[in-house]
Amino acid sequence: MAGIGEKLNHIFEKNTLATFVVGFGYSAVSTVTPMCVVILNVVLMQYFLKFSELGFVERELFSCTMLYIFIFALLTAAPFNSVLSKYVSDVIFEERYEDIRACYNVGLLMNITLSCLVGIPFCLWEHFVGKVDVFYVFTGYCGYIALVLVFYSMIYLSIAKAYEKIALFFSAGMVTAFLFSLFLRYVLHWGIRESMLFALMTGFFLTAVLEMATVKRYFVKNSNRYKSVLRYFRKYWKLVIANFFYILGLYVHNFVFWTGKERMVLVKTFVCNQPYDMATCLAMFTNISATVIFIARVEMHFHDKYKNYSEAVIGGKGSDIDLAKKEMFRQLANELMSLVRIQFIITTILYLLCMVFLPRFGFSRLTIRIYPCLVVGYFILFLMYSAIIFLYYYDDLTGAALTSLSFCLVTFAGSMIAKNLPELWYGIGVVAGAFTGWTVAYLRLRYMERNLDIHIFCKGSILKPGMGTQPPGEVFNRKNTKEETQG
């Protein structure tokens with residue numbers, strides 16, 4: 001994301017309040033705009049299409065459909081994203097740009113295959129057991145596949161630093177979806193639920209097509225070297241674990257509470273826990289600014305220190321390397337502490353506002369009771385994710401995998417216990433899991449600080465390994481040399 005850092009440094013040069021607002025806004029546009037425009041579009045659709053006039057079951061069926069589309073599109077993409085990002089980053093560094101198109105094709109095939117294997121059985125169950133009409137089921141399935149394509153192509157556009165294009169494509173897709181929903185409802189007289197779902201599906205497909213076209217325009221040549229991509233999954237299998245269990249950990253506590261006493265089952269297919277799911281959404285949005293702050297500060301400050309250290313390793317003296325390493329880790333600690341301080345202030349203010357105003361907007365008492373503990377959990381969770389990013393900087397895949405795995409497992413176990421506790425403590429599983437993951441990540445960062453020289457200079461081999469007959473161990477024999485000389 002060095003492209004963000006360069007633009008932010010240019011914006012913040014004047015060091016005024018106006019430039020701070022502009023810089024923060026640019027960071028937000030580059031990171032959270034896709035999610036925000038989708039949510040805003042759904043809210044506008046619900047208002048203008050009079051979604052509240054639908055019956056309770058119909059409203060909840062649409063909400064659960066959208067929830068499942070997003071969750072499982074993210075989960076099916078998780079095993080591939082990190083490894084493919086690593087591969088593309090490496091081939092860009094080696095200037096083998098023709099390999100990116102091959103990576104895109106093979107990764108797309110793998111992602112779509114897994115997504116279909118997950119989605120098709122669920123849709124068959126939804127229709128034959130839940131008795132949901134074929135059109136609604138098929139539209140939901142198409143929306144799910146479209147979102148898979150969107151998330152997948154975002155990897156390559158992010159690596160190409162096309163963050164503004166991602167925001168633009170999402171905005172174009174959602175504006176089209178909103179206008180199309182009005183057309184379907186008030187011109188063609190479709191049902192409210194069908195109009196909203198079909199329009200959203202269309203918007204997702206438009207976004208996916210725009211992203212895919214841009215990727216193919218950026219990377220025209222195709223080397224057809226597909227096996228090298230597959231070998232990366234065997235080589236960097238820890239990345240698969242790290243990314244998948246982090247994404248799974250974000251939702252595993254929801255899955256646990258979907259089996260709790262407040263759960264709701266719709267059409268014998270969809271399961272949800274509305275108060276807990278709503279409290280989770282509120283807690284996430286209360287702390288989502290941590291992502292913006294982290295990217296802004298890391299790209300403006302830490303990236304330069306990391307670059308200086310890398311350059312010192314390549315051609316500097318030992319003293320230069322030690323000095324650059326100390327400055328880099330000092331900056332890392334400063335960034336984490338600054339993130340904690342700034343986000344704590346923001347979270348506290350937003351939490352107080354939510355506790356005062358949410359009951360007036362009709363949020364249930366149960367949601368408000370669940371919300372505080374989850375706020376704490378997500379505050380720690382975003383700090384943990386920041387530490388994982390730093391572990392990626394140092395190529396500590398073991399540390400990243402251990403962090404994500406411990407976070408997911410402890411969150412699952414803690415949530416199993418928490419669902420039997422009073423509502424106020426429902427989120428304690430997320431708190432315990434995030435704190436455990438943060439602890440593991442912190443210990444790994446300290447370990448990397450102490451052993452970074454070993455990690456950098458003692459990794460790899462001087463001679464390229466290969467198969468064949470082992471050469472003789474004898475290097476020099478004075479007797480043989482003397483005989484050859486006399487002969």
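Helix α3 (residues 33–48) packs against helix α8 (residues 192–218) with an angle of about 155° and an axis separation of 11 Å. The structure is a predicted model. Angles over 145 degrees count as roughly antiparallel, and α3 and α8 are therefore roughly antiparallel to each other. Their crossing is right-handed. On the α3 side the contact is made by Val38, Asn41, Val42, Met45 and Gln46, and on the α8 side by Met196, Ala199, Leu200 and Phe204. Sorted by class, the contact of α3 with α8 comprises 7 nonpolar and 2 polar residues, with no charged ones.

The overall figures for the protein are as follows. It has 17 helices and 2 strands. Of its 487 residues, 48% count as buried. Where contacts join residues at least 6 apart in sequence, 80% of them link residues at least 24 apart.

Two residues stand out by backbone geometry. Most residues other than glycine have a negative phi. Lys50 has a phi near 60°, a positive value in a residue other than glycine. Asp395 also has a positive phi, near 60°, and is likewise not a glycine. Lys50 sits in the loop between α3 and α4 (56–93), while Asp395 sits in the loop between α14 (365–393) and α15 (397–418).

| Residue | Relative accessibility | Class |
|---|---|---|
| Lys50 | 45% | partly exposed |
| Asp395 | 25% | partly exposed |
| Val134 | 52% | exposed |

The cut-offs explain the classes: exposed means over 50% relative accessible area and buried means under 20%, with partly exposed in between. Val134, at 52%, therefore counts as exposed. Lys50, at 45%, falls in the partly exposed class, and so does Asp395 at 25%.

Val134 lies in helix α6 (residues 134–159). In sequence, Val134 and Leu124 are 10 residues apart, and their C-alpha atoms are 9.4 Å apart in space.

To return to the helix pair, two packed helices are described by the angle between their axes and the distance between the axes. For α3 and α8 these values are about 155° and 11 Å. The loop that holds Lys50 lies between α3 and α4.

Definitions and conventions. Residues are numbered from 1 along each chain as its sequence is written. This is a predicted model: local features need pLDDT of at least 70, side-chain atom pairs count only at pLDDT 80 or more; totals for chains, interfaces and linings use all residues. Side-chain values use heavy atoms; hydrogens and water are left out. Axes are lines fitted to C-alpha atoms, for helices over the stretch in contact, and angles run from 0 to 180 degrees between N-to-C directions. Helices (H or I, at least four residues) and strands (E, at least two) are DSSP runs, numbered from the N terminus. Angles under 35 degrees count as roughly parallel, over 145 as roughly antiparallel, 65 to 115 as roughly perpendicular and the rest as oblique. A crossing is left-handed if the near helix is turned anticlockwise from the far one by less than a right angle, and right-handed if clockwise. Contact means heavy atoms within 4.5 Å. Ala, Val, Leu, Ile, Met, Phe, Trp, Tyr, Cys and Pro count as nonpolar, Asp, Glu, Lys and Arg as charged, and the others, Gly among them, as polar. Buried means under 20% relative accessible area, exposed over 50%, partly exposed in between (1.4 Å probe, protein chains only).
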